[in-house]
Amino acid sequence: MVFVVGGSQLYGAPPYLAGLGALRAGTDRVYVLAPASAAAAVAGLDMHVLPVRGEELAPADVEDLVRVSDAVEQRLAETGAAGCVVWLVGPGLGGSPVADRVLEALCAARTRGGARSAAVVVDGSLGGGEQGRQRIAALGAAVVLLNRAEAAALAGPSDRPVRASVMDLVRLAGRTGATAVVAKDRVDRVVTSSGLVHQVTAGDASLAKSGSGDVLAGVTAGLLAQGLPVPQAAALACYLVGTAGQRLARRAGPGWLPSDLPDALADPMRELATSRPRLNRIAQLITDVPNRWRQS
């Protein structure tokens, strides 16, 4: 089960793109806590849309999220079902004028033990700097997904280069307690605090468009919800989304739509499940680089 928390009046689509990504990754059920939008009406048949009280998310809505999440966790425990609950925090939330209040409510809920067994995927820098690092730590994030600017904003002071080094990302994982930090780029990097690096070369330049990162966040959360180990789930999500984007670009050119990307995940997902040679090819595209980050 995946709970997506995000969205705003300015950015209505991201939480639902993320939810579709989680479903395409094989998640059984997705709940979305986001403000009402046209995207919610379109996605309503595919996922559960949790009601919110106002035009933007508010701290009181977070309390509702915790109650529903706790009830789902209890149900999973009672039935002995496989998998777990994952929270995905961030898609589209940056456009909300009250994003800081919502993030503080989420951090407070986690600190006092709300949804205690749910894993957390963070999409974005949550404000960047020391404040962002503290929020990620308070949420107990398993994975943090960042673009270039977000990685630079979280990894150090504002005068750092735009592209954070692997060493910066290793330090960031250690400072936030995140199991893995994902830096999205031409070559995606999945870095742990111990220095393990997965480099994923699948992808296409057209994936830089808005919406692709939301789908990647959803796929990551969906794979985690099915019990995959954290670094491997993040690396596999990068491969699946990169491959889907690559094939869309070949078929439709660079002008494919973000809404095309979730459906394009179906082919690489099917190949992954049925083809041993394909698994060997994936192993070539997802490269382990242990103990090399000091030279990066």
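## Cavity and pocket

Leu146, Asn147, Arg148, Ala151, Arg163, Ala164, Ala183, Lys184, Asp185 and Arg189 form the lining of the largest cavity. The model is a predicted one, in which local features need pLDDT of at least 70 and side-chain atom pairs count only at pLDDT 80 or more, while totals for chains, interfaces and linings use all residues. Residues are numbered from 1 along each chain as its sequence is written, and side-chain values use heavy atoms, with hydrogens and water left out.

On a 1 Å grid over the protein atoms alone, a cavity is a set of points where a 1.4 Å probe fits but cannot get out, whereas a pocket is an open set with protein on both sides within 12 Å along at least five of seven lines, and lining residues have an atom within 4 Å of a point. Grid points are joined across faces, edges and corners, and a volume is the space filled by probe spheres set on the points. The count comes to 1 cavity of 30 Å³ or more. In the classes used below, Ala, Val, Leu, Ile, Met, Phe, Trp, Tyr, Cys and Pro are nonpolar, Asp, Glu, Lys and Arg are charged, and the others, Gly among them, are polar.

| Space | Volume | Lining by class |
|---|---|---|
| Largest cavity | about 40 Å³ | 4 nonpolar, 1 polar and 5 charged residues |
| Largest pocket | about 1200 Å³ | 22 nonpolar, 14 polar and 12 charged residues |

The largest pocket is lined by 48 residues, and those nearest its centre are Lys184, Gly211, Ser212, Gly213 and Asp214. Among the elements that give two or more residues to this lining are α1, α8 (212-225) and α9 (230-252).

## Strands and the whole chain

Helices (H or I, at least four residues) and strands (E, at least two) are DSSP runs numbered from the N terminus, and the protein has 12 helices and 10 strands. Strand β1 (residues 2-5) is covered on both faces, with Val2 and Val4 buried on one side and Phe3 and Val5 buried on the other; buried means under 20% relative accessible area with a 1.4 Å probe, protein chains only. Two strands pair if DSSP finds at least two bridges between them, and β1 pairs in the parallel sense over 4 bridges with β2 (residues 30-33), where Val32 is the bridge partner of Val4. A parallel pairing over 4 bridges also joins β1 to β4 (residues 86-89), and there Val2 stands opposite Val86. Of the 296 residues of the protein, 54% count as buried.

Notes
Buried means under 20% relative accessible area, exposed over 50%, partly exposed in between (1.4 Å probe, protein chains only).
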